[in-house]
Amino acid sequence: MLTEQIKQKAAEYAEYLTEFRRDLHRHPELSMQERRTAQKIEEALKQIPGMEVQAGLAGGVGVVGLLRGKKGPGKTVLLRADIDALPIQETTGLPFCSQNEGVMHACGHDGHTAWLLGAAKILADLQEEFCGCVKFVFQPGEEGGGGGRKMVQEENVLENPKADAVFAAHAWPEIPAGQVHVARRCGFGYPGSFAIQVIGRGGHGSWPSQCVDPIAVANQIYGGLQQIISRRLPETAARALSVCTIHSGPQDKSNIIPDCCTMTGTIRTDSEPAMQQMIAQIQQVAQGVAQANDARAEVTARYGGAVLNTPEAVPFCIQAAAKIVGQQNALIDDQPHLGGEDFAEYTSRAPGAYVFAGIATPETQGKFGLHSSDFVLAESVVPQMAAVFSQFAVDFLEKGGF
């Protein structure tokens, strides 16, 4: 039975994958700068019998492996991992902590990369047992570098051969290690951002009546923005609006009312109409408050796509993951996740699903979140997820669909 072979192979490769992941953790690289990482991936893939390797994609840092099953033609499954790190100074104190000052794998992408490589090694050993193809996409620049767009729209990784299903997974610190959760609908929401520039009339702080204080206006706008979530959007919409920066005037002068004040923030929702409504409300509130105070507000906003799981893919992933982790550890997640993920570039063009791999231990549960300087990944998850990815691939290829 292939499941038992997959589990056995995952156990055999566990030490190798752990060391590979630790090497990536020691040498993290920022978005679209992952040259050493890409080189290591390329070298590892080229050592796998039967693996066709494309390197140098997306500005030189994207890598794709293609494995053809030897039982004949069939469907194509695409498995994806993101490979970039974050501009964060690591504080874990791990013996293999980051050696690159101010850069850290604080979102688990080193683990994602290692478990996808593990799936490539497992499936290569089982080439005689399946038909069709498996693509292994090692994508740069997920953390705001536009890597998903580059790989999908410019490098056409969904084509030649055309992907019939796409899968990805994220290390998740809120879920116990050993569990795999699948979002029923929204893996990641629509991620948006906005900027508001309030333009007033500056002057001396001793004579505020001669000025239009943009900071005072921005303060009123800030209060008005909070009511968009609580009073203006449907209660059924999952949504978030956070003002994250406010800047105005020179920091070394305390007696000058500045001419302008800039606010920036993030907006998230699981519904595109709700996102469009939120942007319209931000413009209305900002411009209305500014006008009432004889000021002016200029608003810009943009948003990206959501990772929406294909309905049929959800039970498929649960059933496949359960073969590896047990039925009690493969669970459907009904909570929408409002983080952003450019795997939306894939799921908007091909059916598939995004799943969450638990990485929390009793010692780390509740101690950190994603993008934290003390982010720690339970290493046992890496070979386990390599097995889960392998099971996704062989089950889909055997069935010819979900």
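The largest nonpolar core of the predicted model comprises 75 residues, a nonpolar core being a set of buried Ala, Val, Leu, Ile, Met, Phe, Trp, Tyr and Cys residues joined through side-chain atoms within 4.5 Å. Buried here denotes a relative accessible area under 20%, exposed over 50%, and partly exposed in between (1.4 Å probe, protein chains only). Trp115, Phe136, Met385 and Phe392 have the most contacts inside this core, and helix H10 (residues 381-399) gives the most to it, with 12 residues. Phenylalanine 392 touches Phe167, Phe316, Cys317, Ala320, Ala321 and Val355, residues up to four places away in sequence not being counted; contact means heavy atoms within 4.5 Å. Another core, of 29 residues, lies apart from the largest one and has Val217, Ala218, Ala286 and Ala306 among its members. In soluble globular proteins, nonpolar side chains tend to be buried together.

The model is predicted; local features require pLDDT of at least 70 and side-chain atom pairs pLDDT 80 or more, whereas totals for chains, interfaces and linings use all residues. Residues are numbered from 1 along each chain as its sequence is written, and side-chain values use heavy atoms, with hydrogens and water left out.

Helices (H or I, at least four residues) and strands (E, at least two) are DSSP runs numbered from the N terminus. Two packed helices are described by the angle between their axes and the distance between the axes. Helix H1 packs with H10 at an angle of about 145 degrees, and the two axes are 8 Å apart. Axes are lines fitted to C-alpha atoms, for helices over the stretch in contact, with angles running from 0 to 180 degrees between N-to-C directions. The crossing of H1 and H10 is right-handed, the near helix being turned clockwise from the far one by less than a right angle. On the H1 side the contact involves Leu2, Thr3, Ile6, Ala10, Ala14 and Leu17, which meet Val382, Pro383, Ala386, Ala387, Ser390, Gln391 and Val394 of H10. By class, this contact has 10 nonpolar, 3 polar and no charged residues; Ala, Val, Leu, Ile, Met, Phe, Trp, Tyr, Cys and Pro count as nonpolar, Asp, Glu, Lys and Arg as charged, and the others, Gly among them, as polar.

Histidine 25 also belongs to H1 and is buried, at 0% relative accessibility. Its side chain makes a polar contact of 2.9 Å with the side chain of glutamate 90. A polar contact is a pair of N or O atoms within 3.5 Å; within protein, one must be able to donate a hydrogen and the other to accept it, and residues adjacent in sequence count only if both atoms are side-chain atoms. Not counting residues up to four places away in sequence, histidine 25 touches Glu90, Leu94, Phe96, Cys97, Ser98, His105 and Asp110. Histidine 25 and glutamate 341 are separated by 316 residues in sequence and by 21 Å between C-alpha atoms.

The loop between H1 (2-26) and H2 (35-46) contains serine 31, which is buried at a relative accessible area of 17%. A polar atom of the serine 31 side chain lies 3.5 Å from the backbone oxygen of glutamate 143. Beyond neighbours within four places in sequence, serine 31 is in contact with Asp84, Ala85, Gly141, Glu142, Glu143 and Gly145. Methionine 32, in the loop between H1 and H2, is partly exposed at 22% relative accessibility.

Most residues other than glycine have a negative phi, and most peptide bonds are trans. Methionine 32, not a glycine, has a positive phi of about 65 degrees. Histidine 371 likewise has a positive phi of about 65 degrees; histidine 371 is found in the loop between strand S16 (352-360) and H10. The peptide bond from asparagine 160 to proline 161 is cis, with omega near -5 degrees, and proline 161 lies in the loop between helix H5 (147-154) and strand S5 (165-176).
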